[in-house]
Structures are given as structure tokens and as C-alpha cells.
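I opened the notebook today to go through one chain, starting with its overall make-up and then turning to a few places that I wanted to look up one by one.

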Amino acid sequence: MGASQSANSSITKTGSKCIIPGHNTSPIYWDQDIKFDRKSSGRPFKAHVSTLRSAKERECETCTLLCEALDAHGGMPVEQLTGVVDLYPHDFSLFWCYPRRDQQDVALEKVKDKNGTYEKLVDELSNLDKTKYFKTMFLEFFTLLKVPCLYYYRDSCYRRGRVTPTTTDSEETFAQVQEWFKECTETHNRCGPGLAAELPTRILDLYSMGSIDEVRLIDATSSKHEKYACLSHCWGGRIVENATTTRQSLELMKAGVSVESLPKTFRDAIRITRRLDIQYLWIDSLCILQDDSSDWDCESHKMASVYQNAFITIAATSSPNSSGGCFSSPGQTYAPKSFQCRTVDGQLFDLYARKSLPHFEYMQSKSESSLLKRGWAYQERLLSPRYLHFAESEVIWECNEHCTCHCSPYPMQSSLVGVWNPVIKQRYTQAVQSDRISELKYCWANVLGDYTNMALSFEEDRIRALDGVVDQLSAITLKGSPQKSALGRYIEGLWENTIHEDLCWNVHPVNESRFQARRTDWRKWRAPTWSWASVQDPSCKVQLGCYKYSTKETFAKILDIGYIEHAQACRTQVNYNYIRLELPVCDTVLLKRKPGSTQGPWKYPWQFADSSWTIEADGKALKACIFPDYDYGVEGVDQITDGRKVTGGLVWEGKDLYDQGPCWGLLLVQVDAENGVYKRIGSFGIWLKDWKYVCGRRFSEKGRAISLI
């Protein structure tokens, strides 16, 4: 493989250093010069840009190609560029890391491990520091057709790709969408053929006015079955004119409204729906009366079926509000540069290089206004059989079986976890078609981890915005017991049949952020401290206590679950407010860990524990890993000071294939000694032998009955 100016040159021996250590031939023979193995194939080759320039001068075709790609996309001639590049041989892509203005150049050092010697950045920085001192660019190389090559990835061919249009409102875009529709409706069993379905209570009719310039809101009858689309969008901070329907404007909406008077995101959604030859469009803010709480309560409980029955859900993924629109015009930002290259057998082909298009990854750097960071939108994405993202650079297709984008003919694959993982929708669909408790538990743990890192405009929606997913999971029954839910009752975010594991959820910050304090107004709505819904901090995520373990033994006995009448809060959201348990407890002292202390099992499954706290009982330290529910140091009623007396309660023990596993428990503080009432402040993990060693006799005694609020 080589660049255009040397495509016809003879193979020459060069003595220059190359991005590939030990390589001294041109072009590269992939089967001879690059040796792959399972341990090191994902490791990139690293080199300074100056090394590439030197190798280019000595006619290394691969380094010449990389230099020309950097020259085309680097913003200045390659002779002026600095920094380090990583060449990933498994898919032939290039990562460029270069210093910001007035920062020192990137340095490399040799490192040796069991897989050999390789280079890495000197003083590996955190992701936060990398963005502070360096800029980065990712270049991908692709062909339009299959071109044979001798490495192992993608059917022994170079990465295939597509040249994307300069705007997502193009004939090429909608031709591609129609191809996805055809494949999905004709071949995907989990998605279904997209038949007509019962229309929601109210819906926009896009054609009944006799003019494309007007639409109207109609009341659908229960007997009316048609195909319809939904819009998934961010409302944004300020509600613009004509973005909502109220009791006062309802009749006006039914009489007909000008398309041009609607917000841009709605106008674009109407245009998309019409181009897909669909007559009806459901938009939550227009089809639910926004000033009528009874209508909202009634219709919000139907949202699961609304999205599940939709033929397609259109997602305004790149828009922060109703004025941003669906379409984007990246222009020449991601336009590829072509190079004429040849294979080792002399076959000529065009190889393209472009800046890697942002897919779900770009959401990691976006604000909370982005669609994929919103709690309601997460549910809409999971429930819809087909979900079409209009992203900032291209369209992305998600259905129950497939996830792909316009720039590539391949299904999306990613090492990302959580909400940005492009296969999360397919994994969810697969799980809800199972009646195995282990799969459903794993599914719920993933959903909860994603959802709790989402933002909501109103905290009282914390439980309600997941109602559709809960309804779907609640409907799954056990084999032989069609009337019995596999997970049992849904109790303030916890499932009855897995309640011991669910009680031991833990919190940890994401993206190197810090805990926020527990909200002082948490009692204004009625999520108790033992429910994950009490964590009102979107900078954190909630994880279930090591859900990958099955339950070996439960130490806690559920005595009662009930409702405290005097609790002031959001009474329409949940049905329970306290849980009464009998469990082994140990009265302890919570202490700040001394700097430099390494006491504690800081490995899986406790690698996310807060190492700054420890607990002691009778002067003996428990080798426990602490997971605070919030920032203990903030002054106020929930402040936990160094040396505070707390109670540890053991809930359950897990087991793996070898019948071994950790124990999980709750950290509690007493709020009513006379009635034995406690509130939760965190969770902890510990090995049973360590608990018994410190707590001794007390563990064998009958458990203490307590009430958690």
C-alpha cells in the first residue's frame, strides 16, 4: 500500500526509521512486516510527526500517506505540525495528539511488559489534563469498495465507508434511510414489519388541511389504526411560542396551525415524516395538555405504548431545544481526501482519509441539554422499535436488531459503556424477551446505571420518566406462571424479587467529577433514602451491588413495606415510603482514612469505592469499602463528620462459579431511637470473614429490627 506519487515506484530498501518499528521496506507487506496476536493487536504504533516526515523523505510509502493525510486535515503544512501519532493497524486509523499553543511538545518513552516493548506518552495524563494541554484529532481511512488486504479485520479487506453528504437534509440521506427501513421491516424479527397501530389520544395530522403549509391536532378514535411517527427532542430551558398545547390553545390547534409558526425542530420533524410518507406525527408537548395535570398524568402513563407502537421515532439528537432543528450541515468538515494506492499485488485503488465523524462519543463532551443526556429521551430510545438520530454530522439508525450510520456500511461497534454504547438498545431488547431472572437483573442494572446519570428538568420525574421501561419489565412473566411477574412488584425503584441486591445500590461520580451534597429539599418529594431515586445528582451514576454475582445467602429479612402518611411529597409518583427490615447490624464509627493508608480490598468489585473513609467497631477497623450516597462534608442536616457513629447492616452475600463472593450492606444513621427509625447514607462491601472477625458475637445474635425511611 502506498501514496500516489510512489504508487508505481519499485520496492526499495530504506534505512530510515518508520512508524512501524523495524520496518525497512516500502510498501508494507502486512503479512510479513506486521505480526498480529490476540494480546497486542489492539496496541497502536506510535511516532512523532517529525519521524513521519523523515521517513517520507526516504520514500516510506506508508509514512508518506500518513503525512499527506495530516497535511490535508491538520490545518497547516505537515512541515509545521508537531505532536505524536498513533497508527492502529487493525483498522488502519490514525490518532493525532498535539500541544495547545504555548505548551511543550508531546514526549514518548519506551515501556516494557510481558507482551514486549512499546512506547507511550511520558507522564500519562488524565482525560481532563489531556484536554487542558493537548488537542487531538482522529483520522479514519476507508475505501468505497472491498479491496483485498492481508490483515485480519473486516473480512480481510480495508475498512469500507461512505462519503457522507454535506447536509443531512439531502436526497442521499433519505435514500439511505429508506434502505434501512426496507431491511428492518422485511428481515428483522425483533422489530416487526411496522404495521398500522392504534393512534394515540391526540396526534398531528399532516395532510388533512389540504395544504402542506398547515397541520392540525386531531382526537384519534380507538378504532383508528394507522402508521405514525414520534419526535424525541429536548425542550430546552425557555419554552418558545407554539411549542406546547394548553387548554386555551387546544381548539386553535384542532382548527389548524401554520407549519411556519411552529418551532424549527417541529418543522423539520414534519418535513422528515412527510418524506417518509407517514401522515401522523406525535410530539409530546403538542399532544399532551401542558397546563392540565390530570391530562398529563393520564397520557404520560400511555407513553410506553405510544413509542412502542410508533413506526419510527425521529430524534433531534444534535439540538439542545425546540429551536435548534433536526438537520445539520457539516459542510466540508468531514469531507474525505482521496489517495491513489496499490496493494502488494499491484492493484490500484482509492483510499480515503477524513476526520472521524462523531457518533455517540461526542455526547461525552456535551452539556446536559443534549438529547442523549435527558432522562425522558432515554426511555423513548429504548422503547421505540426504530430510532433515527439526526446527529451533528450524519444520520444514525438504531432499531431492535441493528445500529449503523451513514458513513459506514458496517454495524456500529464500540468499546464505550453506558448510554453512549451504540448497542445498548439491542441488548435491552434481547433482555426483555427473556424470562430469566439473571438476564433481567443484568438488564435492569445497566438501565439504572445509564438513567441515573441523566438530567431531568423536574426532579419529581425521577421515577416517572422510567415508567414505560418499568411497565415493559413488569409484564415479563415466568414460564409456567403467566400471571406472575418475573421481577415482582416495583417498589420505589426496587424490584420485589431482587430486593436484597437492589437495596445495596451504590453511587460513584463519573468523568472525574465530585459528589454533590444531598439536596436539602429531598423530602419535598417522597423518594426515601433507601431508594436510588433519592440520589438527585446527575454528575453521579447509581450501580447495583455487584449484580454479576448470584445470591448465596440473604441476611436481611423484609418485615414490612409501607407508607408514611405525614410525608410531604409528590404523592402520585410512588406507593411506598418506608421499609422495615430485620438484619445483623454493627454499631460503628465512620472515620476519615489517613493519607497513604492502603487498608481495604481495593479491587473488583470495589474499585469505585471511596478510599477516603473507613469504619471501626470496638476499636477494630473493618476491611470494608465505603460508597457514600452524597458529599458528607457539606454543612447541613445531612453532614457526616469524622468520628460520627453510624450503623452497618449486612444485607446479602454473593457467589460466583466457585461459590465465593463479597457481602453487601447499608450504612445507616439513626433518626428516631424510640421507634428504631434510620435513614441510609451509603453502602459498603466486605468479605464475610472480615465482618465476623470484627463483629464476632453480635453476628450470631438475632438481627435488629429497624425501619428505613
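The entries below record what I looked up in this predicted model.

**Overall make-up.** I began with the chain as a whole, which has 709 residues, 55% of them buried. Its secondary structure comes to 17 helices and 38 strands. I then looked up how far apart in sequence the contacting residues are, and found that, among contacts between residues at least 6 apart, 70% join residues at least 24 apart.

**Nonpolar cores.** Which residues have the most contacts inside the largest nonpolar core? I noted Trp-444 and Trp-532, in a core of 117 residues. Helix α13, residues 437-451, gives the most to this core, with 7 residues. I also listed the contacts of Trp-444, leaving out residues up to four places away in sequence: Trp-444 touches Trp-532 itself, and also Leu-466, Val-470, Leu-473, Tyr-490, Gly-493, Trp-495, Asp-502 and Leu-544. A second, separate core has 27 residues, including Cys-63, Leu-65, Val-85 and Leu-351. As a general note to myself, nonpolar side chains tend to be buried together in soluble globular proteins.

**Helices α2 and α3.** I next looked up how α2 (residues 49-57) packs on α3 (residues 61-73), and recorded an angle of about 125° with the axes 8 Å apart. On the α2 side the contact is made by Val-49, Leu-52, Arg-53, Ala-55 and Lys-56, which meet Cys-63, Thr-64, Leu-66, Cys-67 and Leu-70 of α3. I sorted the residues of this contact into 7 nonpolar, 1 polar and 2 charged.

Leaving aside neighbours within four places in sequence, I found Thr-164 in contact with Arg-354, Leu-357, Glu-394, His-406 and Cys-407.

I then turned to Arg-593, in the loop between β31 (585-592) and β32 (613-617). With a relative accessible area of 11%, Arg-593 is also buried. Last, I looked up the spacing between Arg-593 and Ser-612, which are 19 residues apart along the chain, and found their C-alpha atoms separated by 5.0 Å.

Technical notes: Residues numbered from 1 in each chain as written. Predicted model: local features only at pLDDT ≥ 70, side-chain atom pairs only at ≥ 80, totals over all residues. Heavy atoms only, no water. Contact = heavy atoms within 4.5 Å. Axes fitted to C-alpha atoms, helices over the stretch in contact; angles between N-to-C directions. Helix = DSSP H or I, 4+ residues; strand = E, 2+ residues; numbered from the N terminus. Nonpolar A, V, L, I, M, F, W, Y, C, P; charged D, E, K, R; others polar. Core = buried A, V, L, I, M, F, W, Y, C linked by side-chain atoms within 4.5 Å. Buried < 20%, exposed > 50% of the residue type's maximum accessible area, 1.4 Å probe, protein only.
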